[in-house]
Amino acid sequence: MENTVKLHDDDESILILTLNKELKDWKKNLDFIEKELIFLRSLLESTLAKSLNKNKEDKSYLHNTLKKVLENNKMFYNRTINFTNKTLEIRECEDMHCEAYFFNEHFEFHNKLNKHLEKVRNLKLIIFNFLEKNN
């Protein structure tokens with residue numbers, strides 16, 4: 001198996017393997033989130049949602065917020081792809097400072113991504129509540 005630790009792997013190889021696995025998972029999650037957000041946008045624009053007697057300002061807010069979150073999701077997806085490509089450069093590091101730079105970049109990106117995922121969850125909850133409330 002390509003994504004397993006081998007007896008001869010050194011610490012650096014194991015870290016790179018872990019980073020790549022995490023990046024692959026992030027890409028899958030971001031891809032699915034995009035599909036979810038597009039579905040929710042379609043739902044908000046549907047005849048069913050338009051027939052609900054809902055506040056137009058709330059609908060407008062949801063549409064604008066959804067658009068921004070979708071744009072951010074695409075940005076994170078692209079950054080994940082770019083970061084995946086950058087991980088190949090870690091093998092060329094000749095000192096701990098270089099490796100630390102890449103790992104710090106990864107952890108910083110991880111924290112930003114988690115904040116994005118939290119915003120996505122909050123937005124989905126707001127949309128669910130908006131649609132669930134009686135007219």
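Author: A pocket is, on a 1 Å grid over the protein atoms alone, an open set of points where a 1.4 Å probe fits, with protein on both sides within 12 Å along at least five of seven lines, and its lining residues have an atom within 4 Å of a point. Its volume is the space filled by probe spheres set on the points, which are joined across faces, edges and corners. The model is predicted, so local features need pLDDT of at least 70 and side-chain atom pairs pLDDT 80 or more, while totals for chains, interfaces and linings use all residues. Residues are numbered from 1 along each chain as its sequence is written, and side-chain values use heavy atoms, with hydrogens and water left out.

The part to look at is the second largest pocket, which holds about 180 Å³ of space. Its lining consists of 10 residues, and Lys 54, Asp 58, Asn 129, Phe 130 and Lys 133 are those that lie nearest its centre. By kind, the lining divides into 4 nonpolar, 3 polar and 3 charged residues, where Ala, Val, Leu, Ile, Met, Phe, Trp, Tyr, Cys and Pro are nonpolar, Asp, Glu, Lys and Arg are charged, and the others, Gly among them, are polar. Two helices, α3 (56–86) and α4 (96–132), each give at least two residues to this lining.

Read from the N terminus, the elements run α-α-α-α. Among contacts (heavy atoms within 4.5 Å) between residues at least 6 apart in sequence, 76% join residues at least 24 apart.

Although Lys 27 and Ile 81 are 54 residues apart in sequence, their C-alpha atoms are 7.6 Å apart in space. Beyond residues up to four places away in sequence, Lys 27 touches Tyr 77, Thr 80, Ile 81 and Thr 84. Lys 27 is partly exposed because its relative accessible area is 24%, a value between the limits for buried (under 20%) and exposed (over 50%), with a 1.4 Å probe and protein chains only.

Lys 28, also in helix α1, counts as exposed because its relative accessibility is 53%. From Lys 28 to Tyr 77 there are 49 residues in sequence, and 9.1 Å from C-alpha to C-alpha in space.

Trp 26 is found in helix α1 too, yet it counts as buried because its relative accessibility is 8%. With neighbours within four places in sequence left aside, Trp 26 is in contact with Thr 80, His 106, Phe 109, His 110 and Leu 113. Trp 26 and Thr 80 stand 54 residues apart in sequence but 7.3 Å apart in space, C-alpha to C-alpha.

His 106, one of those partners of Trp 26, lies in helix α4, and this histidine counts as buried because its relative accessibility is 1%. Its contacts, not counting residues up to four places away in sequence, are Leu 19, Glu 22, Leu 23, Trp 26 and Phe 83.

The last stop is a disulfide (a pair of cysteine sulfur atoms within 2.5 Å), of which the count comes to 1. It joins Cys 93 to Cys 98, with 2.0 Å from S to S, and the link is left-handed, with -55 degrees about the S-S bond. Cys 93 is buried because its relative accessible area is 10%, whereas Cys 98 is partly exposed because its value is 25%. Across the protein chain of 135 residues, 30% count as buried.

Notes
Helix = DSSP H or I, 4+ residues; strand = E, 2+ residues; numbered from the N terminus.
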